[in-house]
Amino acid sequence: MEPFDLAVVGGGAAGFMTAITAAENGVKKIIILEGTSKLMEKVRISGGGRCNVTNATWIPNELVENYPRGGIQLLESFNRFAAGDVYDWFEKKGLKLKIEEDLRVFPVSNSSSDVIDCLRKSALSKNVEIIKKFYVKEISKTPDNIFNIFSLKKAKVTAKNIILSTGGNPSGYKLAQNLGHTIVKPVPSLFTFSTKEPNLDECSGVSIKGIDIEIKLKNKNFQNRGDLLITHWGFSGPAVLKLSSIAARELYSQKYKFNLIIKWSSLSYKELKEKVNHLRLNKGKVNLINSRPVPLLTKRLWIFLLKKIGINNEKKWADLLADEREKIINTLMRDKYIISGKGPFGEEFVTSGGVKINEVNFKSMESLICPGLFFSGEVLDVDGITGGFNFQHCWTSGWIAGMAVSKLNQSIINQ
């Protein structure tokens, strides 16, 4: 049997984009090998089942700022195929998209199934062969530069070119390593924070917009600003997820034990002091529970903070002692929580780590160590923050790899 022109290992977002791009640009024999019984499972469950396709950050220089690892290498890639190109790509294939207020891009239908159907139908329309339950156990290369791909059940596929699009799967890292690549140790990214802070669960479900938060470690501090969600186990929301991504490696080395500092108000110390004094002088007979110096704080959160400080919420503003007023101001400015670990559900979607990026040519996504081997998606040591940026990298790297394989294929035909 003639070898395939391209074998794609991994039936996820990056793998499908690679296969479709190559097929649309003249590559005839393409096969996608998926180890499980489901295709594009991460696409299906992402964004709460809506699939955050990309982010409407159109300018490449601004887009790369959302990647804690891989940003510099991605700049040239995004100059070739960025968020606007992805938006146009899907719309031309009949998938209508919308941009939400926070710039995240979703299907108009709010259904990840429509994204999956779009990719699957595009692949099948170009005669891309798809095999599920083909778990690749081993890849070897013959002296005449043909890849032998063996499944767990010893089935064999041969291909002239191969792309690893296996995501953050340890088996994919092992395949890359066996072909000569270095693997940067994978650690979780995009996760929530657990704390044993007494009574915090009373605020479960409370969401606050535009909060400044800071991670304090022994050797380095990290800061971020964004929306914060309090859960029954600790803290979540965009601000926390982004911070977890930025500090992923340092938090792993600290075993996810660190201090989290939250600034509950955008006001300065002086401005907060003026607010508190205004309440004392003008609303002195009002109970603390019924009047807050920071209107954005919900009543539940305000009651929790007063309990944490040790001040009776029935106390009147006029009766507050000077040190109690100072405690309120300091807590709103720098409220400390001891974080004891990641969220309890292993909910992280992204891995920091993977194939070392200086071993890959980002102009083609081809290996600099093993010719004919390409990479796309999360198998590489590239990861973005929450908001559609990780899928954007999948589409971009997949498109570049697909184009490179098609050019390689065309040059062989022309010989």
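We will go through strands, helices and cysteines in turn.

Me: What should I know about the model before reading it?
Reply: This is a predicted model, where local features need pLDDT of at least 70 and side-chain atom pairs count only at pLDDT 80 or more, while totals for chains, interfaces and linings use all residues. Residues are numbered from 1 along each chain as its sequence is written, and side-chain values use heavy atoms, with hydrogens and water left out.

Me: Which strands form the closed barrel?
Reply: Strands of a sheet pair through backbone hydrogen bonds, either parallel or antiparallel. Two strands count as paired if DSSP finds at least two bridges between them; strands are DSSP runs (E, at least two residues) and helices are too (H or I, at least four), numbered from the N terminus. Here 6 strands close up in the order β12-β15-β14-β13-β16-β17, with antiparallel pairing. From one strand to the next, the twist averages 50°. Axes are lines fitted to C-alpha atoms, for helices over the stretch in contact, and angles run from 0 to 180 degrees between N-to-C directions.

Me: How many bridges join β14 and β15?
Reply: Strand β14 (residues 221-230) and strand β15 (residues 234-236) are antiparallel, with 2 bridges. Leu-229 has Ser-236 of β15 as its bridge partner.

Me: Which strands does helix α8 touch?
Reply: Contact means heavy atoms within 4.5 Å. Helix α8 (residues 238-246) packs on the sheet and touches β12, β13, β14, β15 and β16, with its direction at about 150° to that of β14. Helix α11 (residues 299-309) lies across β13, β14 and β17, at about 100° to β17.

Me: Which residues of α12 are buried?
Reply: Buried means under 20% relative accessible area, exposed over 50%, and partly exposed in between (1.4 Å probe, protein chains only). In α12 the buried residues are Glu-324, Arg-325, Ile-328, Ile-329, Thr-331, Leu-332 and Met-333. Their cover includes β16, α10, α11 and β17.

Me: Why is strand β18 described as largely enclosed?
Reply: Because 6 of the 6 residues of β18 (residues 350-355) are buried, the rest of the structure largely encloses this strand. Strand β11 (residues 183-189) pairs with β18 in the antiparallel sense over 5 bridges, and Ser-189 has Val-350 as its bridge partner there.

Me: How many disulfides are there?
Reply: A disulfide is a pair of cysteine sulfur atoms within 2.5 Å, and the count is 0. Cys-118 is in none, as the nearest cysteine sulfur, in Cys-51, is 11 Å away. For Cys-394, the closest cysteine sulfur is also that of Cys-51, at 10 Å, too far for a bond. Cys-394 is buried, at 11% relative accessibility.
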